[in-house]
Amino acid sequence: MLGIERRQKIIELIQQDKKVYVSNLSQLFKVTEETIRRDLEKLENESMLTRTYGGAILSQNTLEDLPFQTRTSMNHEFKQNISIKAANLVNDNDTIMVDASTTCLELIQALQGKKGLTIITNSIKIPYDFTNSNFNIISTGGNLRAHSLALVGSVAQNALQNYYVNMAILSCKALSLDKGIMESNEPESEFKRSMIKQAEKVILLADHTKFDKTGFIRLIDYSDVDYIITDRKPDSNWVELFQANKIEVIY
């Protein structure tokens with residue numbers, strides 16, 4: 001197993017159990033404890049966990065706005081799972097808006113079998129990665145937020161006003177039962193709010209690790225969303241909330 005694969009498994013374990021131990025990980029992956037300590041040090045530097053004596057605990061700083069490259073390696077399997085389900089809602093010749101999230105980047109990968117798609121995005125990575133695709137990709141322009149490879153600001157938001165699309169597809173930082181759908185920063189929150197105003201349907205992509213968490217900014221209300229796509233069945237209290245807001249949940 002490559003180091004990057006091992007660290008991804010460590011992330012999944014710590015998100016599941018909230019803590020991990022060096023000795024257990026060493027036995028699980030059949031590597032030395034020193035190798036595991038280096039893995040944990042690297043993950044701590046990427047703000048994914050906090051090292052403790054003998055192991056590590058899940059970082060509780062859900063308000064933190066993690067860099068794009070860090071988020072790319074987090075929960076990759078969950079994002080792929082969600083993206084495949086989301087792709088089933090997109091038809092040939094649809095027009096869609098997608099945000100600059102790593103989950104939407106996975107979605108575009110899953111959409112490559114579709115024909116005649118027009119994709120409007122504030123991501124700078126999507127146009128670059130899919131230069132040779134058959135998609136009609138429209139970039140909003142705007143101010144570059146290098147931290148997340150996203151274009152934001154008035155130019156990006158105003159560009160959206162020229163288009164009306166079949167669906168807006170976006171991700172978020174956290175879902176709270178009482179606080180709503182939440183994000184980590186204002187510039188991208190404003191852009192996402194502009195997205196949903198221009199779409200017939202709104203699709204939220206959120207893996208199970210985002211449930212029962214809190215972000216920095218209230219993004220939108222549950223009543224603004226038509227579909228929520230996740231990777232496992234939510235708890236009953238979430239199902240009741242989604243039913244009350246007439247949201248179709250796909251998992």
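Let me start with Lys30, which sits in the loop between helices H2 and H3. This is a predicted model, so please hear everything that follows as computed from that prediction. Lys30 has a phi near 60 degrees, a positive value in a residue that is not glycine. Is Lys30 buried or exposed? Lys30 is exposed, as its relative accessible area is 74%.

There is another residue of this kind. Leu149 has a phi near 55 degrees, again positive and again in a residue other than glycine. The place of Leu149 is the loop that runs between strand E7, residues 143-145, and strand E8, residues 150-152.

Two packed helices are described by the angle between their axes and the distance between the axes. Helix H2 covers residues 22-29 and helix H3 covers residues 33-45. They pack at about 110 degrees, and their axes are 9 Å apart. Angles of 65 to 115 degrees count as roughly perpendicular, and H2 and H3 are therefore roughly perpendicular to each other. Their crossing is right-handed.

Which residues make that contact? From H2 there are Val22, Ser23, Leu25, Ser26 and Phe29. From H3 there are Glu33, Ile36, Arg37 and Leu40. By type, the residues of this contact are five nonpolar, two polar and two charged.

H2 also packs against helix H1, residues 3-17. Here the angle is about 130 degrees and the axes are 12 Å apart. That angle makes H1 oblique to H2. The crossing of H1 and H2 is right-handed. On the H1 side, the residues in the contact are Arg6, Lys9, Ile10 and Leu13. They meet Leu25, Leu28 and Phe29 of H2. This contact divides into five nonpolar residues, no polar ones and two charged ones. Leu25 and Phe29 are also in the list for the contact of H2 with H3.

One more residue of H1 deserves a slide, and that is Ile14. Ile14 counts as buried, with a relative accessibility of 1%. What does Ile14 touch, once residues up to four places away in sequence are left aside? The list is Lys19, Val20, Leu49, Ala56, Ile57 and Leu58. Take Leu49 from that list. In sequence, Ile14 and Leu49 are 35 residues apart, while their C-alpha atoms are 8.1 Å apart in space.

Next, helix H6, residues 102-110. H6 is mostly covered, with seven of its nine residues buried. Those buried residues are Thr102, Thr103, Cys104, Leu105, Glu106, Leu107 and Ile108.

How many disulfides does the structure hold? The count is zero. A disulfide is a covalent bond between the sulfur atoms of two cysteines. The cut-off for a disulfide is 2.5 Å between the sulfur atoms. Seen from the other end, Cys172 is in no disulfide either, and its nearest cysteine sulfur is that of Cys104, at 11 Å.

As for accessibility, Cys104 is buried at 0%. Cys172 is buried too, with a relative accessible area of 4%.

Notes
Residues numbered from 1 in each chain as written. Predicted model: local features only at pLDDT ≥ 70, side-chain atom pairs only at ≥ 80, totals over all residues. Heavy atoms only, no water. Buried < 20%, exposed > 50% of the residue type's maximum accessible area, 1.4 Å probe, protein only. Axes fitted to C-alpha atoms, helices over the stretch in contact; angles between N-to-C directions. Helix = DSSP H or I, 4+ residues; strand = E, 2+ residues; numbered from the N terminus. Parallel < 35°, antiparallel > 145°, perpendicular 65-115°, else oblique. Left-handed = near helix turned anticlockwise from the far one by under 90°. Contact = heavy atoms within 4.5 Å. Nonpolar A, V, L, I, M, F, W, Y, C, P; charged D, E, K, R; others polar.
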